[in-house]
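Good morning, and thank you for joining.

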Amino acid sequence: MSSTARDRIFARLHAARTTVSPYVPQGGTWQAPMLDKDQRIELLKKRMETVRSEVHVLPEAEWSAKLVELLKVREAKTLTYGHDAWFGGALRSKIKGKGMPRLVPYGENAEAFRDELFGIDVGITSTLGGIAENGTLIVWPTPQEPRLLSLVPTVHVALLKADTIHSTLAEAMREMRWAENMPTNALLISGPSKTADIEMTLAFGVHGPKELIVLVLE
């Protein structure tokens with residue numbers, strides 16, 4: 001192509017250009033709904049139950065009694081937890097005697113604990129908070145409560161304090177100051193492990209816990 005022909009083509013393209021600005025729809029800035037405490041609890045419970053989580057809302061003083069009830073129904077034989085977790089003392093005082101599972105505290109050595117861990121029925125962990133809008137738990141693993149405790153056992157029991165439930169993810173990130181204190185492994189958990197094969201058959205517990213039980217403590 002000669003330079004003259006090319007120049008003519010470019011000239012036509014430039015001539016066809018319009019100076020009209022693209023249409024930009026006008027609207028107000030979207031704001032996430034601000035929910036009160038009861039609304040946050042209700043919405044989180046609704047969202048989590050939709051994806052087959054089991055959620056119980058109860059006074060904080062009654063969580064251990066509820067846990068005993070849940071363990072008896074499932075005939076659990078073993079239960080693991082972080083030995084230094086805030087609920088450890090109550091757990092050791094309540095979960096004992098006939099019909100109760102054997103407590104297996106995590107000893108901060110994953111390699112030594114690994115073989116035993118894969119045979120444990122229930123793992124119980126604390127949580128850092130919750131997100132109401134999408135029914136999610138915020139879990140930040142620590143050396144005392146590693147990811148394995150919520151991932152490997154067939155049943156994961158999570159203790160969630162009602163005062164730590166946020167309306168939205170953005171609110172949680174802002175109020176918890178994630179930008180200043182982001183862990184290397186932040187977990188957002190909404191339900192039990194689930195997967196589907198090519199035939200669209202949904203299966204639970206293939207890559208993680210088959211059951212997720214959340215105790216919301218007021």
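When I speak of a contact, I mean heavy atoms within 4.5 Å. Please also keep in mind that this is a predicted model.

With that term in place, I begin with Ile-124. Setting aside neighbours within four places in sequence, Ile-124 is in contact with Trp-63, Leu-67, Leu-79, Thr-80, Tyr-81, Phe-87, Leu-91, Glu-145, Val-157 and Leu-159. Ile-124 belongs to the largest nonpolar core, which has 22 residues, and it is one of those that touch the most other members, together with Trp-63, Leu-67, Phe-87, Leu-91, Val-157 and Leu-215. Two or more residues of this core come from each of α3 (63–74), β2 (78–82), β4 (122–126), β7 (155–161) and β12 (211–217). The largest share, 5 residues, is given by α3. There is also a second, separate core of 17 residues; Ala-132, Leu-187, Val-214 and Val-216 are among them. As general background, nonpolar side chains in soluble globular proteins tend to be buried together.

I turn now to a sheet. Four strands form an open sheet with mixed pairing, in the order β8-β5-β6-β9. Its edge strands, β8 (165–166) and β9 (187–189), each pair on one side only. Strands β5 (residues 129–131) and β6 (residues 136–139) are antiparallel and pair over 3 bridges. Within that pairing, Gly-130 has Leu-137 as its bridge partner, and Ile-131 stands opposite Thr-136. The hairpin of β5 and β6 has 4 residues between the strands, and Gly-135 there takes a positive phi near 60°. Strand β6 also runs antiparallel to β9, joined to it by 3 bridges; here Leu-137 has Ile-189 as its bridge partner.

What covers the faces of β6, and are its residues buried or exposed? In a regular strand, side chains alternate between the two faces of the sheet. In β6, Thr-136 and Ile-138 lie on one side, Leu-137 and Val-139 lie on the other, and all are buried, both faces being covered.

Finally, the surface. Phe-10 lies in helix α1 (residues 3–16). Ile-9, Phe-10 and Leu-13 form a nonpolar surface patch, with about 280 Å² of accessible area together.

Gln-26, by contrast, is found in the loop between α1 and α2 (37–50). Gln-26 has a relative accessible area of 76% and is therefore exposed. Its C-alpha atom is separated by 46 Å from that of Leu-58, 32 residues apart along the chain.

Definitions and conventions: Residues numbered from 1 in each chain as written. Predicted model: local features only at pLDDT ≥ 70, side-chain atom pairs only at ≥ 80, totals over all residues. Heavy atoms only, no water. Patch = residues over 30% accessible without salt bridge, like charges linked within 9 Å, V, L, I, M, F, W, Y side chains within 5 Å. Areas by Shrake-Rupley, 256 points an atom, 1.4 Å probe, with all protein chains shown as cover. Salt bridge = Lys/Arg side-chain N within 4 Å of Asp/Glu carboxyl O. Core = buried A, V, L, I, M, F, W, Y, C linked by side-chain atoms within 4.5 Å. Buried < 20%, exposed > 50% of the residue type's maximum accessible area, 1.4 Å probe, protein only. Pairing = 2+ DSSP bridges.
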